[in-house]
Amino acid sequence: MFSEENAFSCYANRMDPRDERLCAFLGGAVAQEVIKKTGKFTPVEQWIHHDDACLVQSTAGAGDYDGTRYAHQAAVLGTNFMESIKKQRVFLVGCGALGCEYLKGLALMGACSGADGKLIVTDMDRIEVSNLSRQFLFRQSDVGNPKSTSAARVVKGWNPDLQIEALEKGVGVTSEDFFDDAFWTSLDLCWNALDNVVARKYTDKCCLWYGLPLLESGTLGTKCNSDVFLPGLTKSYNDGVETDANETQIAMCTLRSFPFLPLHCIEFAKQAYFSDYMEFAPQQYESFRKDPAGFFEQLDAMSEAEQFKALKMIKGIIELQQAGAIDFDVCIKAAFNHYCRDFVTSIRDLVYNCDEIEKTTGKPFWTGTKRRPIEAKWDTSAPPAEALEYLYATANCYAFMWKVPFVRNRTEFQKRVVQLNLQVPAWAPPSDKKVETEEDDGDKVDPAAIEALKAGIWAHDFEKDDDTNFHIDFLTASTNLRASNYDIKHTERSTVKVTAGRIIPALATTTAMICGLVDMEFLKIVLGMHREEGALDKFYNANVNLATGLQAMNVFRPEPAIVRKTELPGSVAEFTSWDKVEVDGEIPLEELVKHLEAKLGGELRRLHPAGNDKVALYDRSQAEMLNWKIEISAGQVQVEQQHRQE
Amino acid sequence: MSALEGEELHALEPTSTGNSDRQDVLVTGMVDFLGHLCIPHRSETAIDTNLYSRQIGTFGMETMGKLIQMKVLISGLRGLGVEVAKNLILAGPAMVILHDDSIAEQRDLGANFYLTEQDVGSRTRAEASLKQLSELNPYVSVRTHQGPLTEELLSGVSLVVFSETSQSELLRWNEVCRTRNPPVGFITADCFGLASSVFVDFGESFTCRDKDGEEPRSAIVSGVTLESPGTVHTHQDRRHGFNDGDWVVFREVQGMTQLNDGKPRQIKVTGPYSFSIEDTTGYSAYVSDGIVTQTKVPHSIKFSSYKNSLVQPKHSGEEMHAADLSASTPPCSSHKGCVFSLGLAP
């Protein structure tokens with residue numbers, strides 16, 4: 001524990017030098033406070049104080065570094081520290097928002113800038129416009145270029161001594177020929193700047209195996225967290241992580257028939273409407289058109305519901321084409337068919353069926369989460385605005401599929417719709433055929449019609465960030481038509497984009513802040529604090545929510561490694577996921593077995609390769625079988641099991 | 001909190017209760033089809049929803065609309081100043097004014113990553129950082145101000161961030177900011193070696209519209225008792241997820257229609273599927289249905305002046321909140337240390 005006196009000296013004596021990591025941390029927090037002036041989120045209750053006194057080194061003064069760019073840092077952390085940090089060999093996995101911040105920090109710190117130092121950064125992605133609001137090393141002119149090489153170029157420009165190597169490889173089981181033993185054993189630590197659990201689990205596995213410290217962090221909007229994983233000391237990432245369970249799993253019947261939240265409308269628009277009409281239908285159609293025989297083979301493998309859906313969609317597309325050449329008017333008609341089916345007819349069918357249930361059972365049906373929908377309206381000569389929005393987006397999506405020119409001009413579009421004199425088909429109660437049972441087998445489709453299908457159709461590939469492709473427009477229009485059916489609040493386009501596009505909200509402020517904190521943990525590792533007494537008390541994991549003032553800044557000590565008992569008679573009574581038995585060079589299996597038995601005590605029953613407990617490299621019971629006697633007498637096989645002779 | 005994965009679904013319901021300005025330019029269904037405006041990023045004054053999409057996911061369009069009108073002055077451009085400037089410019093305010101007439105030194109290169117060897121001894125920190133900062137975001141106007149700060153400069157400015165500033169200057173400018181109408185936001189921040197402090201002051205009466213940025217949750221009502229206080233029961237297929245002190249509004253309640261007045265009510269949580277509201281004994285009996293939704297009620301915060309806060313850190317005079325739970329220094333001593341060192345600064 002640091003005393004008050006030391007705290008004073010920390011302030012008084014170190015007044016002049018500035019620690020860059022704290023600047024990064026505060027820079028994020030302060031910028032967020034500035035934005036809070038708009039009234040969004042709770043400002044801090046005036047003061048924030050943050051310090052990390054365990055980093056103060058008794059070796060004072062900048063020494064030779066005085067007057068250089070490292071003057072501040074050396075003054076605070078000492079010249080020995082400077083020598084250590086220059087020699088570091090760091091693997092930075094990922095070069096997105098977190099990666100850019102970390103590269104900046106490393107360059108400023110002078111890390112990996114000595115002859116023996118090395119900084120390897122890898123990222124498979126290329127730069128997109130939506131990255132630019134956080135990934136500040138990139139500019140508009142970099143869009144399309146690889147992230148790692150672009151970022152490396154910038155930071156090397158700031159600090160030419162930085163020994164940086166930029167790669168575009170993913171990190172995982174498929175790149176193990178590149179990131180091999182030699183690679184990992186040459187590192188001092190691994191530094192995560194990732195956006196998915198799979199990669200995090202992988203790097204953690206490697207760090208466990210090679211005994212490397214791992215720095216980990218993540219952000220989600222205003223929330224962020226950081227973790228330090230230290231060999232032999234802490235729990236590892238794999239110890240703590242939960243599986244990818246989706247908390248917000250929505251029941252199918254809720255989506256299909258009984259939505260009550262805007263989210264239900266958005267999800268259904270994406271999973272059903274967009275997915276079926278814009279992706280699935282054209283894909284199935286193309287597969288059918290190009291290779292009917294192959295298509296039917298693949299159809300058999302699908303579930304009945306899927307089969308039916310595929311055939312119905314293909315039939316629908318064929319019918320549209322039978323009227324003549326495809327032009328934009330046909331696209332409008334296709335859109336109108338969907339409008340009628342999804343927002344008029346199916347709604348009336350549902351209400352009818354459920355009202356019948358209510359009549360039969362005598363119990364109120366439309367209660368609790370079940371909202372009674374009303375069908376959408378239509379007026380041939382003066383179509384409602386909501387309907388037009390839908391038709392506009394949908395017809396243009398069809399235009400894409402058939403390579404027909406778009407009609408973006410709204411006045412012209414409305415005119416064409418009115419001219420087509422579209423009528424909603426007369427509705428009749430579903431009665432006996434609750435589900436259409438048309439026998440939609442391929443045999444029933446006129447072979448001549450198939451011959452005539454020369455026109456191909458293009459499937460859409462959902463792209464949320466392209467404002468000109470009508471995808472988000474389609475989703476917004478269908479979401480809100482459905483919401484209107486059920487009297488649910490409408491959703492703004494930007495919200496539909498974020499939800500349907502599964503966009504992770506991200507801010508530069510949160511990123512900068514958490515990276516500043518992780519940088520400080522890096523300093524501690526460079527100082528070797530993880531090898532000292534009481535190390536766990538000196539490292540911090542953090543969990544912060546910038547939205548709620550400083551009430552939600554939690555900094556806590558990393559959790560110690562889970563220690564399990566071996567219950568073996570030998571000298572190894574306990575172990576953690578970090579422990580291993582090391583063997584130099586190659587060794588025959590039999591000797592390995594003896595070696596392990598000598599080291600750990602007891603009897604070795606089975607030996608599995610890492611991560612695969614289904615396959616045994618060695619199985620004692622099978623080895624013993626070599627000694628069994630097998631006899632055949634009186635027509636019977638007799639086995640005399642004998643234990644292995646020692 | 002477990003690690004955050006790329007595939008997590010961000011469950012959303014609209015934040016707007018319908019009353020506040022809708023900054024979203026693409027409005028569906030509410031506006032005549034022909035009156036519909038063009039795609040936003042082609043229009044100059046609208047918000048670039050492609051560039052800002054990830055941030056709109058957190059802030060929402062309404063806040064973005066306010067943010068793009070902000071003018072911020074940043075005085076002091078060493079490490080902290082440039083970091084604040086960078087993060088802020090990325091977010092997209094209307095204008096950022098940089099102020100730092102100190103000539104760049106070699107050791108500044110260790111923290112302000114936009115300074116180069118060429119700037120050392122020849123350019124001011126503000127001038128040297130200007131080009132790179134303005135390239136971060138084409139929608140933000142970035143300029144410098146030479147010479148001492150003046151009160152005229154504050155015209156139209158929403159907020160000032162000070163670092164590297166003397167105590168006397170801070171006291172003076174805090175007074176100036178507080179007395180403007182409307183008050184100019186005031187933030188001062190400094191690092192002293194491995195310790196740091198930030199002070200925030202948004203004036204006597206600041207309106208916070210959204211205390212935590214969380215999406216409002218809704219729940220289906222399944223029952224309301226007639227008692228004091230009344231208890232509301234919600235459908236058991238999903239926890240309501242509300243917190244004590246939340247404000248909610250009701251609609252479509254059958255029977256106890258007094259609840260449908262659209263007025264926000266503060267609640268007290270009594271269980272995962274229940275919470276209490278006002279005295280309902282005089283109301284008509286609950287029959288069925290009803291949706292209850294969280295609503296954001298703006299609240300006013302009174303900030304203490306810099307001068308007063310130095311002596312008495314929290315406005316109410318209570319113990320200061322620790323910035324971190326395992327703090328190596330107790331917060332009060334950090335505060336005293338900070339005050340002490342600020343006093344010593346020239």
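How many of the 17 residues of α15(A) are buried?

Reply: Please keep in mind that this is a predicted model. In α15(A), 16 of the 17 residues are buried, so that the helix is mostly covered, as one can say once buried is taken to mean under 20% relative accessible area. After α15(A) comes A:Lys403, whose phi is positive, near 55°.

Another helix of chain A, α8, covers residues 197-210 and contains A:Arg200. This arginine is buried, with a relative accessible area of 0%, and its side chain reaches the backbone oxygen of A:Ser217 at 3.0 Å. A:Glu216 lies 16 residues from A:Arg200 in sequence, while the C-alpha atoms of these two residues are 8.2 Å apart in space.

Charged pairs are a further part of the surroundings. Side chains of opposite charge can pair when their charged atoms come close. Over all chains, the count comes to 62 salt bridges. One of them joins A:Lys309 to A:Asp276, with the closest N and O atoms 2.9 Å apart. This pair links distant parts of the chain, since A:Lys309 sits in helix α13 (residues 304-322) and A:Asp276 in helix α11 (residues 262-290), 33 residues apart. A:Lys309 counts as partly exposed because its relative accessibility is 23%, whereas A:Asp276, at 13%, is buried.

A second salt bridge forms between B:Glu135 and A:Arg139, whose closest N and O atoms are 3.5 Å apart. Here the pair crosses between chains, from helix α3 (residues 125-135) of chain B to the loop between β3 (118-122) and α6 (147-158) of chain A. B:Glu135 is partly exposed at 35% relative accessibility, while A:Arg139 is buried, with a relative accessible area of 16%.

Within chain B, B:Arg123 forms a salt bridge with B:Asp119, the closest N and O atoms being 3.3 Å apart. Of these two partners, B:Arg123 is partly exposed, with a relative accessible area of 36%, and B:Asp119 is buried, at 5%. Elsewhere, salt bridges that share partners join A:Lys40, B:Asp210, B:Lys211, B:Asp212, B:Asp246 and B:Lys296 into one network.

Conventions: Residues numbered from 1 in each chain as written. Chains lettered and ligands numbered in written order. Predicted model: local features only at pLDDT ≥ 70, side-chain atom pairs only at ≥ 80, totals over all residues. Heavy atoms only, no water. Helix = DSSP H or I, 4+ residues; strand = E, 2+ residues; numbered from the N terminus. Buried < 20%, exposed > 50% of the residue type's maximum accessible area, 1.4 Å probe, protein only. Polar contact = N/O pair within 3.5 Å; in protein donor to acceptor, adjacent residues only side chain to side chain. Salt bridge = Lys/Arg side-chain N within 4 Å of Asp/Glu carboxyl O.
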